[in-house]
Amino acid sequence: MKSFPNPLTPDEEKYYMQRYTEGDLQAKHILIERNLRLVAHVIKKYQSVNDDPEDLISIGTIGLIKAIMTFNSEKGNRLAAYASRCIDNEILMHLRAKKKVSKEISLYEPIGTDKEGNEIKLYDIIETDEDDVSDKVDLKENIKKLYTKMEHELSPRERLVLKMRYGLYGQEEYTQREIAHQLSISRSYVSRIEKSAVEKLRPFFCSS
């Protein structure tokens, strides 16, 4: 994992938080950058999960940004203590959402065969309207395929933007402007990342 800049001293933190509350966006960037080491520290407890550490850094950074945006220095706490909880919460929300999606997809995993040798899936034994079974199966299979291709075809930043843009893995859905604000990049850059990611995935879902 890449190295991160040293954290701010208490006086530096107080100075840049004051500058940020006065509308200085450069101060916000400094607060984010100088607290990335904290994000890396928090995600160490999640080393046993299957997520790419770079993905967890990206997700944890969202928690850090939220912490900086909502931190109240008048309560006498250090930003690091408050941000640690926000980073933790963001990663836990991601993992819970991912687990939920995994459970939904598992409905379509084979669980055996019938007397004629046809595969039986858990979903087959759940009562449902016959008219929409095909549509639901197609949707679930496409969701499963989408997540698989995202993990293999996209960069961590492309995956993060798509997750935020379309509310994937059960996360909240954001506009391009909101994503730009949270990641401290321009809206046009978010748009380019989104377009690039979609173009990479499109060939896997176009009808032949």
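Author: One begins with the axes, which are lines fitted to C-alpha atoms, for helices over the stretch in contact; angles run from 0 to 180 degrees between N-to-C directions. The model shown here is predicted. In it, helix H7 (residues 156–166) packs against helix H8 (residues 176–183) with axes 10 Å apart and an angle of about 130 degrees.

Reader: Which residues of H7 and H8 make the contact?

Author: H7 contributes Leu160, Val161, Met164 and Arg165, while H8 contributes Gln176, Ile179, Gln182 and Leu183. By class, 5 are nonpolar, 2 polar and 1 charged.

Reader: Is Asp55 buried or exposed?

Author: Burial requires under 20% relative accessible area. Asp55, located in helix H4 (residues 53–70), counts as buried because its relative accessibility is 5%. Beyond residues up to four places away in sequence, Asp55 touches Glu151, Pro156 and Arg159.

Reader: Which elements have the lowest and the highest mean pLDDT?

Author: Strand S1 (residues 110–113) has the lowest, 54, and helix H2 (residues 25–33) the highest, 92. The pLDDT is below 50 over residues 103–107 and also over residues 125–137. Where pLDDT is low, the predicted coordinates should not be read in detail. For the chain, the mean pLDDT is 77, and 74% of residues reach 70 or more.

Terms used: Residues numbered from 1 in each chain as written. Predicted model: local features only at pLDDT ≥ 70, side-chain atom pairs only at ≥ 80, totals over all residues. Heavy atoms only, no water. pLDDT = per-residue confidence, 0-100. Helix = DSSP H or I, 4+ residues; strand = E, 2+ residues; numbered from the N terminus. Contact = heavy atoms within 4.5 Å. Buried < 20%, exposed > 50% of the residue type's maximum accessible area, 1.4 Å probe, protein only. Nonpolar A, V, L, I, M, F, W, Y, C, P; charged D, E, K, R; others polar.
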